[in-house]
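Subject: Structure handover

Hello,

Here is the structure you asked about. Please open it and keep it beside you as you read the notes below.

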Amino acid sequence: MAKNLYRNTGTLTVCMAALGLLLTACGASAGGAGENGWEASDTGKAPGGDGIGGEAKSAQPEEEAKEWPGEQDSCKVQELGGYLYGHVSASPYASAEIMIKGYEGEALESDWDAPSAFRFAGEAEVTWRFYSSLAEMETALNEVSRREAEGASLRFLYYTFPMTENVHALELYHDLKRRFDTEEHPLTVWSMDNGKLLCFLQETLKMEDGYELIYLRHQSSKVNLYVKDRTAYGLTLLDAPSEEDETLEYVFTDIFQSYGSLGSGWGLDEETLYWIDHDERLTELEDPKRSFLEVRGIDENWEYAGDEGVMRYFGLLVEADYELALTEGGRMLSLHFSLSEEEGQEEDSVSDYIYDFRKDAIISAIGSLAESGDGASAEEKETAAKEDAEPRYYLLNGFCMKEPYDMTVTDMETGETLQEQRISLSIELPDTITYPDLNGDGYADMRVGAPVHQNGAKAEEESFTPPSYLLWDSRTEQFVRKTEKEVENSRRAVANGLTEEEQEEKTKRERRNPFEPVQELPEGAEPEDYIRLTGDKLLEYQAREGDSLWRISERFYGDGCLWATILRAGDAPEDPNYLPVGETVSMPEVSYIRRNPYSRGGLRSEGSFQIEKPDGFAHYFLASDVAYVSWKEENQIHSLPVTNPVGENPFREPKDWEAFQAEAIRCSQELCPGRVSDLTFEKYHMEDGCDLYGYSFAYDTGEEIIEYVDFFKFGKANMAEVIGVRQQEPNTVLVNTVRYMAASFTDYGGRPGMGWGDDAGPNVGADLWEYPYLHNLFEAARKQFENPQF
């Protein structure tokens with residue numbers, strides 16, 4: 001189970017600890033730890049001088065050490081923050097040992113959205129020291145840290161030093177992370193004061209009331225370092241009378257309020273830290289061989305951060321190059337992607353999928369176009385609406401942006417340019433562009449993922465953002481954009497030795513009616529592999545040579561024992577074993593639907609119910625509303641078993657079923673006048689004792705015909721309603737599929753309430769007819785197509 005995380009960015013508690021100097025972690029050698037801190041080197045210089053503070057590793061002539069005088073001073077605790085901030089150092093390397101005795105402090109009441117305010121009492125004694133180098137300051141502060149405190153007092157060190165040109169924020173982060181990062185206290189970096197202030201802090205994770213809470217600046221943390229204008233400022237707690245003394249939090253917070261706003265900030269990841277100090281990056285990788293050139297970009301979404309705001313910067317991909325083997329050990333291609341400098345609509349979009357959560361925007365856009373009366377076809381309007389509502393793609397290490405790239409494909413042996421095209425891409429260093437053989441024809445193809453970025457987190461390819469595909473066409477020698485369905489069709493075509501057009505026709509024939517009922521069981525078929533439906537109508541059958549009532553029953557019902565249900569004329573022979581050739585007999589209408597052998601059982605609640613969910617259909621959980629998602633090509637199926645509120649077979653009596661039909665006809669005429677046609681009703685008896693009911697109709701939106709199908713079945717404890725919606729086509733695949741799914745519903749007698757969706761809102765149109773436990777599809781159609789504002 002995922003943990004609940006709460007990040008405290010309002011009143012930020014202070015991280016403090018008496019375990020060594022943060023300063024030594026920034027600039028001292030990793031070897032030789034002293035009793036109370038990292039020991040300084042004997043040379044007086046910081047080993048590994050490429051660390052913070054900045055002596056280079058290369059040998060440099062040592063300057064004669066200057067003698068900096070110490071300064072003694074004091075101030076009120078309430079004034080300490082401004083005093084330290086305003087103090088002019090005689091050297092860029094300076095420290096202040098601060099001791100406060102008899103201090104008191106309290107938080108003042110303020111509004112929830114106002115900055116925290118504190119009142120202090122007490123005198124702070126400040127001892128200033130200045131140094132010629134970071135190493136010299138480190139040695140002195142190590143000595144201070146080893147001195148024992150004088151009585152019960154609050155004692156801490158304040159220090160400041162410059163970050164030289166060869167030291168970067170990311171290097172500082174890595175150094176601190178290596179030394180201090182733990183599972184309980186992970187190191188994080190925050191950008192505060194609109195990016196003017198960087199805060200290197202340790203989070204403190206605590207479990208409280210079953211929740212994992214995250215605190216910034218806590219007494220049990222060690223790192224408390226701030227960077228502003230390439231200058232670092234740090235605090236290290238040496239002694240405190242009590243770790244639970246809340247006044248310490250107020251003192252530390254008050255000091256750094258002078259450097260910038262600490263009320264809230266943005267968590268930074270390693271990429272953001274990199275671009276604070278760099279303008280360009282070239283990355284080269286293998287398998288396949290590729291390179292990426294990034295430059296510092298400015299995202300328009302962060303304009304409010306100010307001209308120097310750190311949060312405005314990220315790596316913008318300007319060029320990417322791939323060397324690709326088109327066939328194994330064969331022809332080599334070069335693919336070059338460059339950020340297009342020209343504005344305008346790209347010729348072809350690699351990723352033109354629409355996020356599911358943009359349905360309403362697209363439907364609204366289609367409605368607006370329909371009202372415009374510009375003469376465009378429904379297909380053109382839908383395409384325009386998709387483009388208008390298309391989400392912005394994400395670039396390498398960037399934020400929400402959409403940029404066109406120019407792609408050039410070149411034969412590396414001949415230098416011939418094979419393809420030039422403008423496309424939209426999502427290119428990531430952990431490649432979201434890969435080159436598998438998608439259809440099995442022996443040529444490399446392109447798979448392009450669309451990752452989703454979150455600041456402070458690694459980009460991940462989300463399930464609701466489908467990848468895009470480009471297949472290599474050996475005839476045109478170009479990459480051709482394909483949908484996922486077209487890729488699968490191409491794969492089947494290659495496997496079957498057909499063209500893509502031939503395979504598409506073959507697939508259509510096979511899928512046209514996968515659940516079409518048949519009147520007789522195929523020879524050798526197992527009855528348990530089929531669902532049997534018995535209708536109200538009687539069918540006539542003429543006996544053939546060798547027929548008997550038993551054989552006819554076995555052929556049509558799968559069971560010879562049901563021969564008694566076959567009706568004969570009054571003048572027929574009384575001997576049931578004698579059936580003359582040509583005699584006409586009557587029997588209840590029976591049909592069989594083959595069960596889907598690849599079904600995984602669909603929705604299921606153990607001990608309650610089961611319903612089939614065939615592959616190849618867009619399936620949605622049935623909530624209170626039903627909507628036709630117009631840009632989906634598949635048949636759309638909505639299903640959701642719920643608790644049965646009316647008992648078994650409420651329409652078993654003919655008069656009850658006739659009343660339902662009359663009510664449905666009334667709704668079609670009153671709610672959708674002049675728009676409903678082909679309203680058809682079906683009723684079947686089933687072997688499990690339940691009855692299956694359904695109705696279907698065509699709805700004229702004014703631009704297209706939408707087909708609606710609804711079948712429902714009632715069990716002892718639960719019921720299932722299955723609804724299908726699609727643009728009308730000249731076959732019955734949707735009716736057959738919905739009928740099959742509803743017929744497959746099996747109620748195992750589980751307790752009521754075990755169904756899915758019992759807490760959902762009322763069914764659409766429930767208050768407009770006498771059957772509130774069923775969806776009113778006439779109202780669903782009217783609501784979507786006549787009142788798009790809803």
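**What was found**

The largest share of a negative surface patch, four residues, comes from helix H10, which covers residues 500-511. Keep in mind throughout that this is a predicted model.

The patch itself is formed by Glu486, Glu501, Glu502, Glu504 and Glu505. Among them, glutamate 486 lies in helix H9, residues 484-496. Glutamate 486 counts as partly exposed because its relative accessibility is 36%, a value between the 20% and 50% cut-offs.

Next, the backbone. Most residues other than glycine have a negative phi, and most peptide bonds are trans.

- The peptide bond from aspartate 287 to proline 288 is cis, with omega near -5°. Aspartate 287 also has a positive phi, near 55°, although it is not a glycine. With a relative accessibility of 73%, aspartate 287 counts as exposed.
- Glutamate 477 is in the loop between strand E22 (468-473) and strand E23 (478-482). Its phi is positive too, near 55°, in a residue other than glycine. Glutamate 477 counts as partly exposed, at 27% relative accessibility.

Now the salt bridges. How many salt bridges does a search of the whole structure find? The search gives 26. Three of these pairs are described here.

Arginine 666 pairs with glutamate 670, and their closest N and O atoms are 2.8 Å apart. Why are arginine 666 and glutamate 670 separated by about one helical turn? They are four residues apart in helix H12 (residues 654-671), which means about one turn of the helix between them. Arginine 666 is partly exposed at 27% relative accessibility, whereas glutamate 670 is exposed at 55%.

Arginine 675 forms a salt bridge with glutamate 786, with 3.4 Å between the closest N and O atoms. Arginine 675 sits in the loop between H12 and strand E32 (676-686), and glutamate 786 in the segment after helix H14 (777-785), so this pair ties together parts that are 111 residues apart in sequence. Both ends count as partly exposed: arginine 675 at 27% relative accessibility and glutamate 786 at 31%.

Aspartate 688 bridges to lysine 713, the closest N and O atoms being 2.8 Å apart. This pair links distant parts of the chain, with aspartate 688 in the loop between E32 and strand E33 (691-700) and lysine 713 in strand E34 (residues 705-714), 25 residues apart. Is lysine 713 buried or exposed? Lysine 713 is buried, because its relative accessible area is 1% and the cut-off for buried is under 20%.

The last item is a single residue. Serine 586 is placed in strand E26, residues 584-594. Serine 586 is buried, with a relative accessible area of 19%. Leaving out residues up to four places away in sequence, serine 586 touches Leu539, Glu540, Thr565, Ile566 and Leu567.

Regards

Note on methods:
Residues numbered from 1 in each chain as written. Predicted model: local features only at pLDDT ≥ 70, side-chain atom pairs only at ≥ 80, totals over all residues. Heavy atoms only, no water. Helix = DSSP H or I, 4+ residues; strand = E, 2+ residues; numbered from the N terminus. Buried < 20%, exposed > 50% of the residue type's maximum accessible area, 1.4 Å probe, protein only. Contact = heavy atoms within 4.5 Å. Patch = residues over 30% accessible without salt bridge, like charges linked within 9 Å, V, L, I, M, F, W, Y side chains within 5 Å. Areas by Shrake-Rupley, 256 points an atom, 1.4 Å probe, with all protein chains shown as cover. Salt bridge = Lys/Arg side-chain N within 4 Å of Asp/Glu carboxyl O. Lys, Arg positive; Asp, Glu negative; His and termini not counted. Charge placed at Lys NZ, Arg CZ, Asp CG, Glu CD.
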